[in-house]
Amino acid sequence: MKKLSTIILLFWATASFAQNIPFISAAPYDTVINAKKVSLYTITNGRVAAQVTNYGGFIVSLFAPDRDDNYANLVTSYPTISQYTRYNIGMVGPAVGRYANRIANGCFTLNGNTYQLTLNNGKHTLHSGNNGFDHTVWDVVKSSADELVLKCVSPDGTDGFPGTLTTTLTYSITADNGLRVEYNATTDAPTVVSTTTHSYFNLNGAGNGDVMNHRLMVKAKTMTETDREGIPSGKILKVKGTLYDFNKATRIGDRQMDMKGFRFGQKFEMPKDKVFAYDNNFCVSHKKAGSLDKVATLYAPESGRMMEVWNNHPGLQIYTGARRAIALESQMYPDSPNHPEFPSATLNPGETYNHVCIYKFTTK
């Protein structure tokens with residue numbers, strides 16, 4: 001009887017909640033790709049909601065209330081499924097794998113074998129090449145009011161990666177108003193795995209100004225050093241006292257150069273107390289390796305929305321190059337397969353890769 005009452009209450013709350021949300025229509029996402037049905041799925045707990053398509057695992061919308069209980073889509077998205085299928089590294093909310101971020105020269109050695117990957121970022125591989133999770137039609141294992149479970153099989157040799165990788169991806173809305181993203185993967189041969197979710201957030205609503213006034217906190221004492229192409233040198237740098245120290249909540253615009261009024265191609269001199277943009281992997285702090293901890297917060301004083309980021313992975317890529325939104329990508333370190341000094345991204349047969357990232361919403 002208690003379970004039935006809970007179901008009735010959730011149905012009532014969801015129906016009432018839905019009236020206040022500008023949900024995206026599912027019609028432009030209903031299609032067939034590679035002989036598989038593609039749709040847009042809505043999950044909610046009656047307070048927070050997300051819409052996800054099984055093509056690429058894209059998060060098309062994410063709704064959470066502001067301090068006045070108004071709703072807006074907080075993630076950048078495209079209006080039709082055809083735009084998602086046409087993009088090339090136009091990351092607007094996909095599931096990313098089997099290796100997120102960069103692999104130098106698209107090449108790595110594992111157990112004495114060298115693997116050449118598809119080059120899609122100059123001379124490097126970014127976000128797995130051309131046939132990653134973001135260009136996959138995932139099978140729908142389960143779809144309920146508050147959970148969507150997807151599955152895909154990436155054959156051995158896809159974009160050069162070894163091993164057949166079987167991955168389950170679960171999106172769920174938690175009781176405490178979080179969007180939980182969980183990957184579980186197994187392989188039939190040694191391989192490398194690092195997944196992420198590549199959503200761009202604006203806590204005032206996507207398209208509503210930039211994020212320069214957002215306050216960012218990242219629980220990290222160090223970061224990986226990279227060159228101009230985003231490739232790690234192998235060095236771990238301390239952030240204390242630098243423009244990369246976000247251990248205390250800091251207004252992004254106090255550190256990042258304001259480009260308002262600048263024309264494309266216009267020459268300018270970089271101030272010494274500013275960065276052009278952030279595109280860096282922070283080595284986030286955990287109670288112990290693999291524990292699920294809060295590693296970052298993002299706050300928009302205009303709307304009052306606060307987003308906590310919880311993860312069980314050692315890295316968090318912060319990207320603000322878009323300026324109108326910010327990406328906070330939970331991950332292994334970039335190019336880990338070529339850096340034995342980094343946390344290992346190797347997955348062997350008989351093991352299960354697990355990655356959890358939660359984006360939890362409150363207001364103040």
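Cys107 is partly exposed, because its relative accessibility is 23%, and the term covers values between buried (under 20% relative accessible area) and exposed (over 50%), with a 1.4 Å probe and protein chains only. This is a predicted model, in which local features need pLDDT of at least 70 and side-chain atom pairs count only at pLDDT 80 or more, while totals for chains, interfaces and linings use all residues. Residues are numbered from 1 along each chain as its sequence is written, and side-chain values use heavy atoms, with hydrogens and water left out.

**Cysteines**

- A search of the whole structure finds zero disulfides, a disulfide being a pair of cysteine sulfur atoms within 2.5 Å.
- Cys357 is buried at 4% relative accessibility, and its sulfur is too far for a bond because the closest cysteine sulfur, in Cys283, is 16 Å away.

- Ser336 is found in the loop between strand E27 (326-331) and strand E28 (346-347), where strands (E, at least two residues) are DSSP runs numbered from the N terminus.
- With a relative accessible area of 6%, Ser336 is buried, and a polar atom of its side chain lies 2.8 Å from the backbone oxygen of Tyr333.
- Not counting residues up to four places away in sequence, Ser336 touches Tyr99, Phe342, Pro343 and Ala345, where contact means heavy atoms within 4.5 Å.

**Salt bridges**

- The count comes to eight salt bridges, each being a side-chain nitrogen of Lys or Arg within 4 Å of a carboxyl oxygen of Asp or Glu.
- One of them joins Asp139 to Lys36, with the closest N and O atoms 3.1 Å apart.
- Asp139 lies in strand E12 (residues 139-143) and Lys36 in strand E2 (residues 36-38), so this pair ties together parts that are 103 residues apart in sequence.
- Asp139 is partly exposed at 39% relative accessibility, and Lys36 is partly exposed at 33%.
- Another salt bridge is formed by the side chains of Asp176 and Lys360, at 3.5 Å from N to O.
- This pair links distant parts of the chain, 184 residues apart, with Asp176 in the loop between strand E14 (165-173) and strand E15 (178-187), and Lys360 in strand E29 (residues 353-363).
- Lys142 forms a salt bridge with Glu147, their closest N and O atoms being 2.9 Å apart, and Lys142 is partly exposed, with a relative accessible area of 41%.

**Phe276**

- Phe276 lies in the loop between strand E22 (250-251) and strand E23 (279-284), and at 40% relative accessibility Phe276 counts as partly exposed.

Technical notes
Helix = DSSP H or I, 4+ residues; strand = E, 2+ residues; numbered from the N terminus. Polar contact = N/O pair within 3.5 Å; in protein donor to acceptor, adjacent residues only side chain to side chain.
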